[in-house]
Amino acid sequence: MPGARPISDLRGDKRFLVKGSLYTAFGAALQGVSPLLTVVVARVFGAEEFGVYVSTQLLVLTLARVAVLGLDKGLRWYVPRNAVEGRPRFHGLAACLRRTVAIGLAISGLVALASFFGLHRLVGGLETLSPVEITVYFLSLAPWSAIFLFGGACEGDRRPQYKIVVNDFLVYSLAPLISLALCAAGVRDLALSIGLLASNLAGVLFYALLAPRLFPGWRGEDDRRLPRELLSFSLPLGFSEVVSAFLRRVDLWMVLAFLGPEPAGVYAVMVTISNGLRTIRTSFSPLLLPVVAGMDSGRLKDDLGPVYSYCVMMVTTIQLAIGLFIVIFPAETMMIAGKDYAVEVSVLGILMLGNLVNGFFGLADAVINGLGRSRFMFRMNVVALVFALAANAALIPLFGLAGAAVATMSYQALQGVWMNVYLRKMGHWPYARSLWAQIAWIAALAALYVAVALRPEWTAYGENLAERVPLFAGLLAALGATLLAQRKSTPKPAAR
């Protein structure tokens, strides 16, 4: 019948999502290494130096997003279009690399020049860095941008495992390892900046060696001009990503500005740990977006709900397992970095709850972008950034680190509500009834967090383990049983 789609499309989508879920679970296990290494760096270098390091690293990362111009997100869409339109799979990649690396090098050069005139001292918290340190840090910008592009091309080719291994694991694990090795060798002053640069260069080298296998026939000279179609699609996503990048880091930067490097170092450890939950959601977005983009109106009506609900179920369940550990063992989690960081552990719980709510409602961004509404995402992120700036400016001076955490949770809630209202207005509500179980678990975890906060003896390192360990094991088993029951009850897409 006209407009019907074969069930094989749906089966292919489901196979890809299941395989992607396995890759994501594997990636989550790998990514667990990086936060552990990062908190070891915090322990070795101290809170003040670590706070400056994380703030500078995030500034470089944000400017790398500026250099990319959203082209990594665009390649997720353009690479599969190459096959449809008879072009080589790698078409557009070389032009993207040339444009992005040139912009990255230009930004690095300007920042290095400004630092030698002492202008970096105008930025709160960076005045402790020398011009050489600033220069080495920002030399990471161009290779980091190239890594983003290669990762986007791999996701567009439905091979996300390479991005997971290189972008999400290799770069973030090598940086602290190299820094610790240099510190042990007596090169402490530049250890952190060199570690960041060396890890990104290693990532580029890894992709360069993989390129002949990933894109047979590619020599880096496939086209001289950036395809206009790719650029037009990418720019709105790029602007939105830059705003979103500032949005995700504004709390740490404002803690640095208001409270100083040492509290920023403590807060950075908390953000690093809690972001393990956010990473789960962001790992599923690239899987869901191309699936939604490939659905016609009939498939959106029949298949969007089951596909989306499956992703939400997996994301939230994985996040809940991590969240249970953080809530029940907050001091033990923070003590990985050392006793200087095991303070205000309740702040970690606030960040964790914000990421849980964002994990449930935040996957709507993949649906909205998959439906081609990237301009909405840009407008929403701009408003959320203004809200976050105002909230942090008001709450940090009053409540310190807790104020920053509450401000972050507030803007995440604002985004979640706004995106889902927008989806509803477009006629989509892709949440299965079985997901009420996830909502109940999030509410239970919030109640457990409050109960633990009211019992200070539970937040002390090593106290009441005889009660907490069985509690964690029991709740984890119950969560697993919930997931098994949900997978049996989740409605199946209608066959046509």
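Ser179 is buried (under 20% relative accessible area, against over 50% for exposed and in between for partly exposed, with a 1.4 Å probe and protein chains only), because its relative accessibility is 0%. The structure is a predicted model, in which local features need pLDDT of at least 70 and side-chain atom pairs count only at pLDDT 80 or more, while totals for chains, interfaces and linings use all residues. Residues are numbered from 1 along each chain as its sequence is written, and side-chain values use heavy atoms, with hydrogens and water left out.

Ser179 is part of helix α8 (residues 160-184); helices here are DSSP runs of H or I with at least four residues, numbered from the N terminus. A polar atom of the Ser179 side chain lies 3.0 Å from the backbone oxygen of Ala191. Beyond residues up to four places away in sequence, Ser179 touches Phe45, Ala191, Leu192 and Gly195, contact being heavy atoms within 4.5 Å.

The largest nonpolar core has 136 residues. Such a core is a set of buried Ala, Val, Leu, Ile, Met, Phe, Trp, Tyr and Cys residues joined through side-chain atoms within 4.5 Å. Trp218, Tyr267, Leu288 and Tyr308 touch the most other members of this core. Helix α11 (residues 261-293) gives the most to the core, with 16 residues. With neighbours within four places in sequence set aside, the contacts of Tyr308 are Leu288, Phe360, Phe361, Leu363, Ala364, Val367, Pro430 and Tyr431.

Helix α14 (residues 346-361) is mostly covered, with 13 of its 16 residues buried. From first C-alpha to last, α14 reaches 23 Å, close to the 22 Å expected, where the expected span is 1.5 Å times one less than the number of residues.

Side chains of opposite charge can pair when their charged atoms come close. A salt bridge is a side-chain nitrogen of Lys or Arg within 4 Å of a carboxyl oxygen of Asp or Glu, and the count by this rule is six. Lys163 forms a salt bridge with Glu155, with the closest N and O atoms 3.7 Å apart, and another with Asp168, at 3.6 Å. Glu155 is buried because its relative accessible area is 8%. Lys163 counts as buried at 18% relative accessibility, and Asp168 is buried with a relative accessible area of 18%. Salt bridges that share partners also join Arg65, Asp72 and Lys73 into one network. Within this group, the closest N and O atoms of Arg65 and Asp72 are 2.5 Å apart, and both residues are buried.

Methods. Helix = DSSP H or I, 4+ residues; strand = E, 2+ residues; numbered from the N terminus. Polar contact = N/O pair within 3.5 Å; in protein donor to acceptor, adjacent residues only side chain to side chain.
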